[in-house]
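Hello,

Please find the structure below, handed over for your own work. My notes on what was found in it follow.

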Amino acid sequence: MSASVKVLIASPLRSYTGADEVQACGDSLAALLADLDSRYPGIRFRMVDEQEEIRKHMRIFINGDPVKDLSHRIRPDDEVCIVQALSGGSARI
Amino acid sequence: MAKARKKTKASGTKKPSRRPKTDGNLLLVATRKGAWLYRGNAARNTWRADGPHFLGQIINHLVLDPRDGKTLLAAASTGHLGPTIFRSTDLGKSWQESPRPPAFKKQEGGRSVKHTFWLTPAHANEPGVWYAGTSPQGLFRSEDGGVTWNEFSGLNDDPQYRAWMGTEQDGTPDGPKLHSIIIDPRDPQHLYFAMSGGGVHETRDGGAHWKPLIDGMEVVGGFDPKTVTFHDPHCVRLCPSNPDRLYQQNHCGIYRLDRPATRWARIGKSMPAKIGDVGFPMVVHPRNDETAWVLPMDGQTVWPRTAINGEPAIYGTSNGGKAWKRLDQGLPKAQAWWTVKRQAFAADRGSPVGLYFGTTSGELWASRSEGKSWACIARHLPEIYAVETADIG
């Protein structure tokens, strides 16, 4: 059983999670995104297309480093941040 | 997923003394920044705005299922997020997201859907069945009311069709599209669709076999009209009163086809020479196959895609395209540089027929006189991508 890690959610995806920070499990980025989708149905396809590519204007950072490979290993203390490219900002805007 | 939904009186309408009675007239308006429903009274002269739904999301099409009168499907995406389909079974009071929206199969060199562009409810005898056209060009089908979607008929991977679809570079700036999915009301196995680019196509066996229907259609000068991929039909409509008659607004003219013939006739040649026959949308009369309407645009030089000379006008024919009449009473007389996209012009089933169009500048216009006069019923909306009518009375 992989550990639960913190996942920061981009504002356009908060309609799925209802929160800007959630927990998800998975020993790889692919597994973590699958877990997120099981908790929040539909969220994965809006980030990752049917050819298993992260969408053009979505970015995923793990501990501050950009990651594009869905097989990237997730460790128990990792922090995952999902953002949209060159936009976003305060939820108050 | 349903977000804040507000009900306000449509701008540009006379203030009613009390909340107007709605008598089943519904306009479904899809925009670059969300969707709106406009509910009209029996006289169709007062409209109440219900929206925005999905504020900020790109809504390419919003369609009501005429078979049950309550199921709405919305084709959505955003600038960043992938595409999806939202579904409502209570006329937009609440929305649920499709757990499996249209998507190509995963394979080496496979494509990904950028957005669902077109939604069509299937035959009246196939409740719950819908078709969807995507960008890049793909044809999908749902058999559970739009909840889940599958690729339809093998077309998306057919080598010949893939060649005719071309690459994304061959398509419009917003991506090549499959659109104008039409079901013959006499036969659920008889379908048409069109591609920009890639021509008009037909099946008579429920998608087992398809064939192009491009004879008589013209292409940009210097190219071979026999090459399917060069054809750019913008909007194809079937006449409800005569399912053997099709009208088409093409990149290269206005056409009519009377089946079983297979050769389109360029009826746009009878348009005034100074106007020409370039445009995006086309609308047909619900009960008279001789009557249709277009909204010409400027297709010169770099294709401004604006009203010609900044003077927008509808052109209508009442004799199958032999002659056209300018219909611009109430529309701006000058300095109006908007246009109307291929899905943003629609007719209701009233008598006289009501016509409605939404502009790239966010104005919603209506005519209760089959185009003779026009009134703006909403303005300041985002860029309007699609307008559909529905009767929920």
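**Chain B overall**

Chain B contains one helix and 28 strands. Its radius of gyration is 20 Å, close to the 21 Å that the globule rule gives for 393 residues, so chain B is as compact as a globular protein of that length. Please keep in mind that this is a predicted model.

Taken along the principal axes, the box filled by the C-alpha atoms of chain B is roughly 60 × 50 × 40 Å. Of the 393 residues in this chain, 52% are buried. As for contacts in chain B between residues at least 6 apart in sequence, 52% of them join residues at least 24 apart.

**One sheet in chain B**

Strands E13, E14, E15 and E16 of chain B form an open sheet, in the order E13-E14-E15-E16, with antiparallel pairing. At its edges are strand E13 (177-183) and strand E16 (211-212) of chain B, each of which pairs on one side only.

How is E16(B) joined to strand E15 of chain B? Two bridges link E16(B) to strand E15, which covers residues 199-203, and the two strands run antiparallel. One residue pair can be named here: B:Glu202 has B:Lys211, in E16(B), as its bridge partner.

**A glycine in a loop**

B:Gly268 lies in the loop between strand E19 (253-258) and strand E20 (279-284) of chain B. Is B:Gly268 buried or exposed? A residue counts as buried if 20 or more other C-beta atoms lie within 10 Å of its own. B:Gly268 has 26 C-beta neighbours inside 10 Å, and therefore it is buried.

Which residues does B:Gly268 touch, once its neighbours within four places in sequence are left aside? The contacts are with B:Gly253, B:Ile254 and B:Asp277. B:Asn250 is 18 residues away from B:Gly268 along the chain, and the C-alpha atoms of the two are 9.8 Å apart.

For chain A the mean pLDDT is 90, and 90% of the residues reach 70 or more. There is a stretch to treat with care: residues 88-93 of chain A have a pLDDT below 50, and in the model this stretch has four contacts beyond near neighbours in sequence.

Between the two chains, 15 residues of chain A are in contact with 16 residues of chain B. On the side of chain A that touches chain B, five residues are nonpolar, five are polar and five are charged.

Regards

Conventions. Residues are numbered from 1 along each chain as its sequence is written. Chains are lettered from A and ligands numbered from 1 in the order in which they are written. This is a predicted model: local features need pLDDT of at least 70, side-chain atom pairs count only at pLDDT 80 or more; totals for chains, interfaces and linings use all residues. Two strands pair if DSSP finds at least two bridges between them. Helices (H or I, at least four residues) and strands (E, at least two) are DSSP runs, numbered from the N terminus. pLDDT is the predictor's confidence in each residue, from 0 to 100. Two residues are in contact if their C-beta atoms, placed from the backbone, lie within 7 Å. Ala, Val, Leu, Ile, Met, Phe, Trp, Tyr, Cys and Pro count as nonpolar, Asp, Glu, Lys and Arg as charged, and the others, Gly among them, as polar. A residue is buried if 20 or more other C-beta atoms lie within 10 Å of its own, exposed if 12 or fewer, and partly exposed in between; C-beta atoms are placed from the backbone. The radius of gyration is taken over C-alpha atoms; the globule rule is 2.2 Å times the number of residues to the power 0.38.
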